[in-house]
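Visitor: I have this one open on my screen and would like to walk through it with you. Could we take it piece by piece?

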Amino acid sequence: MLAELRGLNEECGVFGIWGHPDPAPISYYGLHALQHRGQEGAGIVVTDGEFLRAVKGEGLVNDVFSNGKLEKLTGKAAIAHVRYATAGGSGIENVQPLLFNSTTGSLAIAHNGNIVNANRLKRSLEQQGSIFQTTSDTEVLAHLLKKSHHTSLEERAKQALKLLDGAFAFIILTEDEMMVAQDPHGMRPLSIGKLGDAWVVASETSAFDLIGAEVIRSVEPGELLIINDHGLRSERFSEPAERAICTMEYVYFSRPDSDIDGINIHSARKRLGIQLAQEIQLEADVVTGVPDSSISAAIGFSEATGIPYELGLIKNRYVGRTFIQPSQDLRERGVKMKLSPVRQVVNGKRVVMVDDSIVRGTTSKRIVKMLKEAGAKEVHVVISSPPLKNPCFYGIDISTDEELIASNNSVEEMRELIGADSLSFLSVEGMVQAIGRTDEGKNCGHCLACFTGEYPTPISPNTKLPHEKELVR
Ligand code: SF4
């Protein structure tokens, strides 16, 4: 579904390149391929071997780097970031990469994920004299790096990264080195590739396709890559823990043309639709997917059931952000501006509406209503993931559990609330099987916490959600 319509948002995308004569324009294109992961701010920091230079701003990638701003970013390497701001965390000071200057050199950090023990670390650092410039949990890493007694940045990074709990994919840039780190559970996607002789790193492989780079592999859980003019070296700051890749990356967040650990997202979503067809029985005339992220699952469902796939809903692509309006009436208009039913397709038909998830239920309700107003005889809502019952502490802004419709209502109650003729969800087992991460032993695990409540890292009763914390990115 459309992320901005329903309160389920990815928080960031990261990109890095080392050893290229045009690192800023390449990063700019890379960020375009990651724009869906965050639309609130973007930034690029380059190194020319002597200085780090940054251009950052609030808004979309195109807006931030307009008017020739890229031209002053010359050098041989860059790191870049797109950001989704959680409540209370907006403001230019929080737009990444964060850049720190000191007498011993400069350092820039781009981060995707969420450090769940950031508040505790921040309090301890402040007691030791640190002064924080931002409300970002990412800044904690910079202070830990600075505080370390080790002389080499590599050893300081290993020591600092060991102290962090949660989900993190970091890219760190200094004048003469780029470091890449993935948390011990490997929760957020992060891949490495090559563009000619240059090394590239990105949250999603779609960024590699756009710049013409070749995918080499995923960054491993607990791995620290050191990239400089001598090449790439793989080190570890931690032994890998049981793998817990975010399942919602497959279900919803990542682009269909991206691969995570060799599994293509469109193909995985199509298998989710096929699995749904095996788990539920429905009689209907047409299948339609809620654009964009549910279309692959709808195609799979249609193929497996033989019910024809039709474009019953279309996305209106050139609408600005006018949908973020406080009043209910304006929000309804916002949905209508973003999505339209195709009357000729749904009129008089029993429609299967495939969606990837339901968060609050309000948007599903509006789409069901819209389809019925366009003449649909019946609307059967089919969700290609299990009910979302628990909040995410790892960098995805899922609403609090009070707001999650599935946390307080049975499936039948939800059906009634959204006004559908039937409502079905995929089973947890069916989802995991359909995604197909089955051949990698210890490395094939998923985070399923928002579905099952079983969190892969310790979550204390005091752990705050990203948008509840003093430190938010
Ligand atoms: S809780 Fe859900 S959204 Fe958060 S990391 Fe786990 S699977 Fe992803």
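**Helix, strand and ligand**

Guide: Let us begin with helix 10, where Ser296, Ala297, Ala298, Gly300, Phe301 and Ser302 are buried. Please keep in mind throughout that this is a predicted model.

Visitor: What do the buried residues of helix 10 pack against?

Guide: They pack against helix 9 (265–279), strand 18, strand 21 and strand 22 (378–383). Just after helix 10 comes Gly306, which takes a positive phi of about 80°.

Visitor: Strand 18, then: which of its residues are buried, and on which side?

Guide: Strand 18 covers residues 286–289 and is covered on both faces, with Val286 and Thr288 buried on one side and Val287 and Gly289 buried on the other. As a general point, side chains in a regular strand alternate between the two faces of the sheet.

Visitor: And how many bridges join strand 18 to strand 21?

Guide: There are four bridges, and strand 18 and strand 21 (residues 350–355) run parallel. One of the residues to look at is Thr288, whose bridge partner in strand 21 is Met353.

Visitor: Where is Pro97, then? And is the peptide bond from Gln96 to Pro97 cis or trans?

Guide: Pro97 has its place in the loop between strand 5 (77–83) and strand 6 (98–102), and the bond that runs to Pro97 from Gln96 is cis, its omega being near 0°.

Visitor: Changing topic, where does the ligand sit?

Guide: The ligand sits in the largest cavity. Around the ligand you will find Cys246, Thr247, Met248, Cys392, Tyr394, Ile396, Ile398, Cys447, Ala449 and Cys450.

Visitor: How do the residues of that shell divide into nonpolar, polar and charged?

Guide: Nine residues of the shell around the ligand are nonpolar, one is polar and none is charged.

Visitor: Last one, Leu60: where is it found, and what does it touch?

Guide: Leu60 is found in the loop between strand 4 (52–58) and helix 3 (61–64), and, leaving aside residues up to four places away in sequence, Leu60 touches Gln35 and Gln39. Although Leu60 and Gln35 are 25 residues apart along the chain, their C-alpha atoms are separated by 7.5 Å.

Visitor: Why does Leu60 count as partly exposed?

Guide: Leu60 counts as partly exposed because its relative accessibility is 36%, which lies in between the cut-offs of 20% for buried and 50% for exposed.

Conventions. Residues numbered from 1 in each chain as written. Predicted model: local features only at pLDDT ≥ 70, side-chain atom pairs only at ≥ 80, totals over all residues. Heavy atoms only, no water. Near = heavy atom within 4 Å. 1 Å grid on protein atoms, 1.4 Å probe; cavity = no way out; pocket = protein on both sides within 12 Å on 5 of 7 lines; lining within 4 Å. Sits in = over half its atoms within 2 Å of the grid points. Nonpolar A, V, L, I, M, F, W, Y, C, P; charged D, E, K, R; others polar. Buried < 20%, exposed > 50% of the residue type's maximum accessible area, 1.4 Å probe, protein only. Helix = DSSP H or I, 4+ residues; strand = E, 2+ residues; numbered from the N terminus. Pairing = 2+ DSSP bridges. Contact = heavy atoms within 4.5 Å.
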